[in-house]
Amino acid sequence: MTIVPRVTARVPAKLNLQLAVGPRRADGYHGLVTVFHAVSLFDEVTAECAAQDGVTVTGEGADRVPADQDNLALRAVTALRAAVGGAARAPAVHISITKRIPVAAGLAGGSADAAGALVACNELWHSGLDQQQLGAVAAKVGSDVTFALIGGTAVGRGRGERLTPALAPATAYHWVLAFADGHLSTPEVYAMLDRQRAAGAKAGAKGSHPEPTLDAPLMTALRSGDPTRVGRALSNDLQPAAVAMFPALRKTLAAGLELGALGALVSGSGPTCAFLASNADRALGLAVSLSGAGVCRSVARVTGPVPGTLILPDPKTAK
Ligand code: ATP
């Protein structure tokens with residue numbers, strides 16, 4: 001019997017506790033300062049030897065995920081192969097993705113899958129890249145991929161790929177995620193933000209938007225480990241654009257706050273909304289009430305921060 005080597009990695013979704021967006025740069029990107037926070041909603045990515053590269057996607061929103069070279073996990077395979085010296089050292093793989101992170105929901109599921117593919121293939125091919133080397137490959141694949149490797153809570157700069165872990169007490173924060181009945185495209189949300197800012201400038205609001213800076217009250221709140229203070233300090237510059245494109249989110253956010261959330265925000269480019277609760281019991285109550293209020297498609301309770309990409313034991317070989 002042939003033993004087919006396979007490696008499975010578990011990858012987390014992310015929230016942005018702060019997302020400060022600078023002006024649009026000449027290269028089309030926006031400079032960011034963001035506070036990433038990995039939460040306990042995971043995809044699984046398995047890499048195994050195959051005759052040719054390929055990808056299969058199952059689970060939540062799988063029909064919206066490309067099953068070809070456009071899949072971010074396969075792009076990561078190609079980037080890692082180039083970094084480790086080509087096909088002789090990095091033979092063909094099949095990637096199987098089990099999705100639980102909703103697609104195009106502002107939770108960076110595609111980037112997480114790319115990080116999973118990097119870690120799984122690094123192991124499968126015995127490439128031996130360390131965390132920093134994998135991070136350099138990750139940054140080429142996408143801005144959020146580097147964070148999905150390290151997880152925890154971290155400050156991201158540049159396009160989000162220049163990371164500094166945030167030193168904070170080991171507090172577990174209890175979140176309720178409200179998944180929307182619909183999707184938002186990240187580039188379209190940024191384009192809406194540009195239009196809103198241009199319209200604001202014409203109407204006499206301050207002309208050019210300042211370079212983004214790290215929010216000191218949020219960092220102080222994180223250092224205190226006090227969820228009430230963290231809840232008050234959450235912010236997302238993309239939220240007005242996401243709400244303009246998906247007006248139902250206004251109701252979702254208001255409902256969560258009325259039901260006692262310590263803070264609420266749209267996650268990244270949306271449309272998922274994240275609500276912070278003071279403890280696990282409150283999170284359960286909030287999840288039940290939000291679900292009953294009919295202001296979202298479904299809810300999930302998660303905690304953060306959680307570690308980044310981890311290799312799971314193979315159930316076929318684990319004793
Ligand atoms: P972004 O990471 O761009 O901010 P997001 O977090 O809102 O976006 P993702 O779930 O990462 O959303 O999906 C963004 C787009 O990436 C989708 O349109 C999807 O088709 C594409 N995509 C490519 N590969 C994947 C993947 N493995 N999983 C999910 N989406 C993928």
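**Figure 1. His 126, an exposed residue with a positive phi.** His 126 is exposed, with a relative accessible area of 71% in this predicted model. The residue sits in the loop that connects α2 to α3 (131-141). Although His 126 is not a glycine, its phi is positive, at about 55°.

**Figure 2. Ala 108, a buried residue with a positive phi.** Ala 108 belongs to the loop between β4 (93-99) and α2 (109-124). Its phi is also positive, about 60°, and Ala 108 is not a glycine either. The relative accessible area of Ala 108 is 18%, so the residue counts as buried, the limit being under 20%.

**Figure 3. The whole chain.** The protein contains 10 helices and 12 strands. Its C-alpha trace extends over about 65 × 45 × 35 Å along the principal axes. The radius of gyration is 20 Å, which agrees with the value near 20 Å for a compact globule of 319 residues. Of these 319 residues, 50% count as buried. Among contacts with a separation of 6 or more, 76% are made by residues 24 or more positions apart.

**Figure 4. Strand β1 and its partner strands.** Strand β1 (residues 6-24) has 15 of its 19 residues buried, so the strand is largely enclosed by the rest of the structure. β1 pairs with β2 in the antiparallel sense, over 16 bridges. Within this pairing, Arg 6 has Glu 48 of β2 as its bridge partner. The two strands form a hairpin with five residues between them, and Gly 28 in the turn has a positive phi of about 95°. Leu 19 has Asn 236 as its bridge partner in β8.

**Figure 5. The open sheet β9-β10-β7-β11.** Four strands make up this open sheet, in the order β9-β10-β7-β11, and their pairing is antiparallel. The edges are taken by β9 (263-266) and β11 (298-304); each has a single partner strand, so one side of each lacks a neighbour in the sheet. Ignoring direction, neighbouring strands are turned by 25° against each other on average. Seven bridges hold the antiparallel pairing of β7 (residues 173-179) with β11. Ala 178 faces Val 299 of β11 across this pairing.

Figure 6. Helix α9 (residues 248-258) lies across β7, β9 and β10 (273-277). The angle between α9 and β10 is about 5°. Helix α10 (residues 280-293) also packs on the sheet, where it touches β7, β10 and β11. The direction of α10 makes about 160° with that of β11.

**Figure 7. The aromatic pair Phe 36 and Phe 147.** The count of aromatic pairs comes to one. Phe 36 and Phe 147 form this pair, with 4.6 Å from centre to centre and 15° between the planes, and the arrangement is stacked. The pair links distant parts of the chain, 111 residues apart: Phe 36 is in strand β2 (residues 30-49) and Phe 147 in helix α4 (residues 145-150). Phe 36 is buried, at 1% relative accessible area. Phe 147 is likewise buried, at 2% relative accessibility.

**Figure 8. Arginines over aromatic rings.** Arg 10 lies over the face of Phe 42, and its distance from the ring centre is 3.7 Å. Arg 159 is placed over the face of Tyr 29, at 4.4 Å from the ring centre.

Figure 9. Gly 270 and Pro 271 are joined by a cis peptide bond with omega of about 5°. Pro 271 is located in the loop between β9 and β10, two strands of the open sheet. A cis peptide bond also joins Gly 304 and Pro 305, with omega of about 0°. Pro 305 lies in the loop between β11 and β12 (310-312).

Technical notes:
Residues are numbered from 1 along each chain as its sequence is written. This is a predicted model: local features need pLDDT of at least 70, side-chain atom pairs count only at pLDDT 80 or more; totals for chains, interfaces and linings use all residues. Side-chain values use heavy atoms; hydrogens and water are left out. Two strands pair if DSSP finds at least two bridges between them. Axes are lines fitted to C-alpha atoms, for helices over the stretch in contact, and angles run from 0 to 180 degrees between N-to-C directions. Contact means heavy atoms within 4.5 Å. Rings of Phe, Tyr and Trp (its six-membered ring) pair if their centres lie within 6.5 Å; planes under 30 degrees apart count as stacked, over 60 as edge-to-face and the rest as tilted. Buried means under 20% relative accessible area, exposed over 50%, partly exposed in between (1.4 Å probe, protein chains only). A charge sits over a ring if NZ of Lys or CZ of Arg is within 6 Å of the ring centre and within 35 degrees of the ring normal. The radius of gyration is taken over C-alpha atoms; the globule rule is 2.2 Å times the number of residues to the power 0.38.
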